[in-house]
Amino acid sequence: MTQFAQPITSGYQYGFHKPENYAFKAKKGLSQKTIEEISWHKNEPDWMTKFRLDALKIFYTKQMPAWGGDLTKIDFNNIYYYIKPIGKKAKSWEELPKDIKDTYDRIGIPEAEKKFLGGVSAQYESEVVYKSIQNTLSKKGVIFLDMDSGLREYPDLVKEYFGKLIPPADNKFAALNSAAWSGGSFIYVPKGVHVELPLQAYFRINAANMGQFERTLIIADEGSFVSYLEGCTAPIYTTDSLHAAVVEIFVKKGARVRYTTIQNWSTNVYNLVTKRMRVDKEGIGEWVDGNIGSKLTMKYPSVYLMGKGARGEVLSVAYAGANQHQDAGGKAIHFAPYTSSKITSKSISARGGRTSYRGLIQVFPHATAAKTKVVCDALLIDDASRSDTYPTMDIRHSDVQVEHEATVSKIGDEQLFYLLSRGLKKADAEAMIVNGFIEPIVKELPLEYAVELNRLIQLEMEGSVG
Amino acid sequence: MSLKIKNLSVSLGEKQILKDISLEIKPGTIHAIMGPNGSGKSTLAQALMGNPNYKIQNPKSKIQINNKNIINYGPDERAREGLFLAFQNPTAIPGVSVANLLKTAYQLVKSKNKESRHKVGIRDAVNAHSSQTASGHNPALSVWQFNEMLVEKAKKLGIPQEFLRRSLNEAFSGGEKKKLEMLQALVLEPKYAIFDEIDTGLDVDALKIVAKAIDELKKTGCGVVVITHYQRILKFAKPDFVHILVKGKIVASDGGKLAQTVEKSGYKKWSEN
C-alpha cells in the first residue's frame with residue numbers, strides 16, 4: 001500500500017495514524033471555497049474538483065424533498081464539511097454519552113471494539129487484519145480500498161464509473177455528497193472472480209469509512225461475485241447530525257453482488273442515503289438493509305434491471321423507537337425482458353416511533369415477461385407508534401406479473417398471553433414476537449449480525465417495558 | 001401440597017361467568033371438568049392461568065399453589081410457579097419455533113428459584129451455535145442435551161422433528177397443534193397442568209397418544225385438570241374425579257363414573273335446575 005509511505009499534502013492523513021496528527025479542520029458551513037479546499041487537500045485530479053464544484057451548484061438549486069421525513073431542522077451552515085473523521089470523534093472513552101457506553105456493555109462488545117465503535121481508538125490491531133485480507137485479494141486482482149485511495153491509485157477506472165449511476169442532479173443529498181464526499185469504499189472484482197469472504201468495511205478500519213459523506217463504488221465485472229458488509233449493530237456515536245452517503249454498484253453480465261448494511265447511528269443523526277445498483281444481463285443484485293438508529297432515515301436502495309433476465313432483490317428491516325422516523329423501502333426499475341424483482345420490507349414501530357414503507361416499481365414497455373413482487377409488513381408495539389405505506393407502481397404494459405402484499409399488525413394480546421403463560425416475562429415475550437416477525441430477513445444476515453440484532457431488539461423491548 | 005381454587009368468581013366484560021368455584025387438585029391426580037357449551041370451562045382455564053381479560057369478582061377468591069396464593073400473579077409468574085395451560089385454540093406466532101420458545105421457557109421455568117439472569121432470552125442463534133452460553137444459564141442441561149430431550153419427547157408424541165423448527169401454530173392442522181401443546185407440557189414438567197379441550201381435532205390414534213402422555217404426567221406427580229366435552233379421552237386418561245360445570249357453577253362432583261352418566265344422558269339433569 002504505497003500511499004502509507006508517501007508524504008501527503010497538508011495535515012490530511014490516510015490510513016492508520018494517530019489522531020493527534022490530524023491538523024486540518026475546515027470552517028463550518030458550505031461554500032465554493034470549502035469544496036475547493038477539500039479537493040486541494042486531497043490532491044485530486046482536476047476533473048474531480050470540477051465534478052465537486054458542479055455538484056455544489058446543483059445542490060444550491062435543488063429543492064429539499066417535500067415528502068418523506070421532516071428535514072426542516074437541518075442547518076447546512078452548522079456542519080463541518082471537511083474534517084478527518086478521527087478528529088471529530090470523542091477523545092476518550094469517558095467522553096462518550098452514558099447510554100452509548102451502557103449499550104456496549106449490555107451487548108457485550110469487547111473493550112477494544114467498544115473503543116473503536118465509540119470513535120476513541122484507531123485500533124492498530126485491525127491494520128494487521130486488513131493487510132492480510134489485502135494480500136489475499138490482490139492475488140486475485142481484486143481492488144478493495146477506501147474511495148480516496150481508489151481515486152489516487154485507479155483514477156481512470158474511477159472516472160469511468162463515478163457519478164454515472166447516481167449523478168449529482170439525482171437529488172439534493174446526492175448533490176451534497178458529490179460536492180463534499182470523503183471516504184467510503186472502492187471495490188473492483190475482475191471477470192469471473194468469486195470473493196469467498198464477505199468484504200467488510202469493518203476490516204478496512206481507517207475511519208474514513210465512517211465519514212459523513214462517504215462515497216462507495218463497487219464494480220463487479222462479468223461473472224464475478226462479491227458480498228459486502230457495512231455498519232454494525234452497536235450504536236455508532238457521532239457528533240455530526242447529517243449522514244448523506246452515496247453508493248453506486250455496477251453488476252455486469254452474469255455477476256452477483258450482495259450489499260448488506262446495518263445502520264445504527266445515534267438518534268441525533270439525519271441519515272439520507274442514495275443507493276443504486278445497475279444489473280446487466282442475467283446478473284443478480286441484492287440489498288439487505290437494516291435501519292435501527294438515526295433520528296430520520298430516508299433510504300430506498302434501488303435496482304436498475306438493464307439486461308435481459310437480470311434479477312434484483314431488496315430486503316429491508318427497520319426499527320423506529322421513541323423520536324425516530326424510519327422512512328425506508330426499495331425501488332426496482334425494469335428496463336429489459338424477463339427481469340424479476342422482489343422487495344421485502346419489515347418494519348417495527350415502538351414507543352411512539354414511526355416507520356414508513358416507500359417503494360417504487362417501474363416496468364418499461366420493452367420489459368416484457370417481467371415479474372415483480374412486493375411484500376411489506378409493519379408491526380406496531382403500542383398505540384403511540386405509527387406506520388405508513390407509500391407504494392408506487394408504474395407498469396407500462398400488460399405482459400408482467402405483479403404481486404403486492406401489505407400487512408400492518410399489532411403485537412396481539414393473544415400472542416403475548418400465550419408466551420407469558422409459558423413463563424416468559426413481558427419484555428422477553430415481546431422481543432420473541434418481534435424477532436419472529438423479522439426472522440425472514442434476519443436469517444439472511446451473517447450470524448454475528450443476526451445475533452446482535454436480536455439482542456438489540458431484546459434491549460429495546462426491555463427499555464419499552466421500563 | 002395441592003392446587004386449591006377457593007370461591008373463584010370471574011367475569012368477562014360485564015358478564016359474570018364463574019360463580020364461586022372451589023376445587024382442590026392434589027399432585028398425581030386427574031380431575032375432569034365437563035359441561036355443556038358456554039358453561040364456563042374455558043373461562044376457568046384462562047382465569048387460572050391469569051388471562052388479564054378475565055376479572056376476578058370476589059375479593060375472597062383464591063388460587064393457591066402449594067399454599068401460596070397466586071391470584072395476583074401475572075401469567076408468567078404463575079407459569080414459573082409450576083402452572084401450565086394447554087390452549088384450546090393456540091395462537092400462531094410467526095417466526096417463533098416451538099424449539100426456540102421451549103429453550104427460553106425451560107430456562108425460566110426450571111431456574112425459577114435462582115433470580116433469572118439478565119440476558120436469558122431470545123437467542124436461538126447463539127444457543128444453537130454456542131453451548132457455552134446456554135449451559136451457563138442452565139447447568140443441568142447443555143443445549144445439546146436439551147435438544148436431545150426435546151426430540152425424544154416429540155418422537156413419543158409422533159411429532160416429526162421438522163415441526164420443532166417451524167413457526168408455532170402456523171400452518172399446522174388442529175391435531176398437530178394439540179400435540180405441540182402436549183409436547184410443551186412434557187418438556188416444562190409443570191406441577192399442575194390444565195388441558196383445555198386437548199381432545200378436539202384429534203383422531204383416535206392421536207387421542208390415545210395424548211391421553212397416554214397425560215397419564216404419564218400424572219404418574220410423575222403432576223396434578224392434571226382435563227377440560228372436555230366428551231368422555232372418550234377419559235377412557236384412556238382415567239380421571240380420579242369428575243366435576244360437572246353448568247352455568248358457571250360446579251353442580252356435581254364424583255369419581256370417574258360420573259363421566260359415563262354424562263355420556264349416556266347429557267347435562268339435562270343439571271341444566272334444568
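Why does A:Arg278 count as partly exposed? A:Arg278 has 29% relative accessibility, so it falls in that class (buried is under 20% relative accessible area, exposed over 50%, partly exposed in between; 1.4 Å probe, protein chains only).

This is a predicted model, in which local features need pLDDT of at least 70, side-chain atom pairs count only at pLDDT 80 or more, and totals for chains, interfaces and linings use all residues. Residues are numbered from 1 along each chain as its sequence is written, chains are lettered from A and ligands numbered from 1 in written order, and side-chain values use heavy atoms, with hydrogens and water left out.

A:Asp280 counts as buried because its relative accessibility is 15%.

Next, select A:Asp327 and A:Arg358, whose side chains meet in a salt bridge at 2.7 Å, N to O. A:Asp327, at 0% relative accessibility, counts as buried; A:Arg358, at 17%, also counts as buried.

Move to A:Glu230 and A:Lys275, a salt bridge at 3.7 Å, N to O. Both residues are buried.

Now show both chains. In contact (heavy atoms within 4.5 Å) are 30 residues of chain A and 42 residues of chain B. Select A:Arg422 and B:Glu181: their salt bridge has its closest N and O atoms 2.8 Å apart, and the rule finds 1 salt bridge across this interface. Over all chains, the structure holds 30 salt bridges.

Methods:
A salt bridge is a side-chain nitrogen of Lys or Arg within 4 Å of a carboxyl oxygen of Asp or Glu.
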